[in-house]
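Please read the points below beside the sequence and the structure. They are set out for a reader who is new to this kind of note.

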Amino acid sequence: MNSNTQTQNEHEPIFWIDSKTDEGKHVIASPDIISPFPYSYISTPPINGNYKIKMSVPPDLCIIDGNKSKTRQDISTKITFNHAIRTYTLLHDGWLPIPFVPYKKLLLDRNVISILQKNPSTSHRKDHSDTKWWLNLAIETQTFFNIFPYCMEGNRKSTPSYNDFKISYFDSVSRLKSLFPSARIITYQEIHLNEAYALVEEINKNHENEVNFLSQINTIILHRLSNNKLTKACDKIIAAAIKYKIHSNPLLLLSALSCLYEDKNSSGLSPARRVLKPKKSFSSENAYNALSDLRMLYVSIQSKKILNEETPLCTCDKHLAALWCSLVPIKVENDNSPLFKVKFTVTEDTFPRLDASQRQDLINKIENF
């Protein structure tokens with residue numbers, strides 16, 4: 001995927017933006033390319049909710065100062081939404097609100113499904129109403145929802161059995177269709193659920209080692225450390241990764257190290273800490289929850305292998321979205337494997353306390369163990 005996100009070649013207007021450009025021109029446009037939003041739009045949202053967007057618009061769908069454009073236009077403008085952004089659709093190079101996403105199919109994680117299943121007459125929380133507003137926009141644009149991540153996660157804080165996986169899937173499809181009759185929910189026959197569950201088992205095959213890894217490093221990342229203690233702590237985390245064979249899950253190791261090298265200013269976002277949630281009394285259930293969140297990112301990366309087409313993840317977890325944006329996943333395909341081999345590059349948002357040279361040294365250290 002390029003730095004900009006693009007829809008299909010023949011663009012059908014899904015929404016229109018009525019705004020003023022940075023140059024003060026009045027524009028009414030239906031873009032087919034919108035640049036993904038960056039990490040900073042999560043860590044420090046724009047003042048007064050004025051999001052700056054960069055978009056490219058076909059000539060027949062762009063009106064500037066009352067005149068229809070004769071050429072494609074690249075436009076920079078600001079937009080304010082009617083509701084606070086509560087959903088984050090994760091793309092290769094950032095994130096976008098649902099209406100701006102070029103894909104017609106989205107993966108929904110457990111927190112999105114849970115909010116959707118809330119009865120409107122009993123749930124009066126503003127974040128719930130905001131979330132439903134955004135998701136209703138997706139329904140109006142005829143987006144297909146895939147609830148595979150929800151079923152994969154299980155509701156017993158452990159890897160679900162096949163029977164639990166199947167029951168969760170059919171119950172959730174039925175419930176969502178009753179609440180949102182016009183929603184397009186992807187449905188599978190049982191034979192496809194068998195194939196999907198085989199991939200759940202593949203993704204979870206190192207689960208016990210991953211739980212043990214998180215349990216061992218919990219005390220290391222529990223509190224922010226002074227700079228003179230970081231190298232020793234890093235060596236301990238890498239040693240634990242070697243011991244528990246975490247090679248197959250670089251996202252887990254990078255998240256642990258991101259906790260270690262987070263901004264020493266306590267006011268920082270620290271997305272990895274909010275995802276891993278280290279605590280004094282850290283249980284296997286705590287580890288499972290953290291791993292489930294990371295696996296949602298992994299499923300999104302692997303969607304082309306798992307679902308035969310790239311399908312972004314939609315989540316309500318802003319810290320999970322921020323962690324995603326601090327990393328740049330690189331898929332290395334292996335045709336003999338059921339899943340992509342994945343590497344990540346890192347940014348200053350991943351390891352705020354390290355400069356570019358130190359970040360590269362750390363990556364070299366990880367890749368060589």
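**Notes on the predicted model**

1. Cysteine 259 is buried, because its relative accessible area is 2% and buried means under 20%. The model discussed here is a predicted one.

2. How many disulfides does a search of the whole structure find? The search finds zero. Cysteine 316, for instance, is in no disulfide: the nearest cysteine sulfur belongs to cysteine 314 and is 6.3 Å away, whereas a disulfide needs two cysteine sulfur atoms within 2.5 Å.

3. Helix 9 covers residues 250-260 and is mostly covered, with 10 of its 11 residues buried. Among the buried residues of helix 9 are Leu251, Leu254, Ser255, Ser258 and Cys259.

4. Which residues of the largest nonpolar core touch the most other members? They are Phe213 and Ile237, in a core of 117 residues. Helix 11 (residues 284-301) gives this core its largest share, nine residues.

5. Isoleucine 237 deserves a separate point. Leaving aside residues up to four places away in sequence, isoleucine 237 touches Phe213, Ile217, Ile220 and Ile221, and also Leu253, Ala256, Leu257 and Leu260. Leu253, Ala256, Leu257 and Leu260 are among the buried residues of helix 9.

6. Is serine 182 buried or exposed? Serine 182 is exposed, because its relative accessible area is 56% and exposed means over 50%. Serine 182 lies in the loop that runs between helix 5 (162-179) and strand 13 (184-185).

Technical notes. Residues numbered from 1 in each chain as written. Predicted model: local features only at pLDDT ≥ 70, side-chain atom pairs only at ≥ 80, totals over all residues. Heavy atoms only, no water. Buried < 20%, exposed > 50% of the residue type's maximum accessible area, 1.4 Å probe, protein only. Helix = DSSP H or I, 4+ residues; strand = E, 2+ residues; numbered from the N terminus. Core = buried A, V, L, I, M, F, W, Y, C linked by side-chain atoms within 4.5 Å. Contact = heavy atoms within 4.5 Å.
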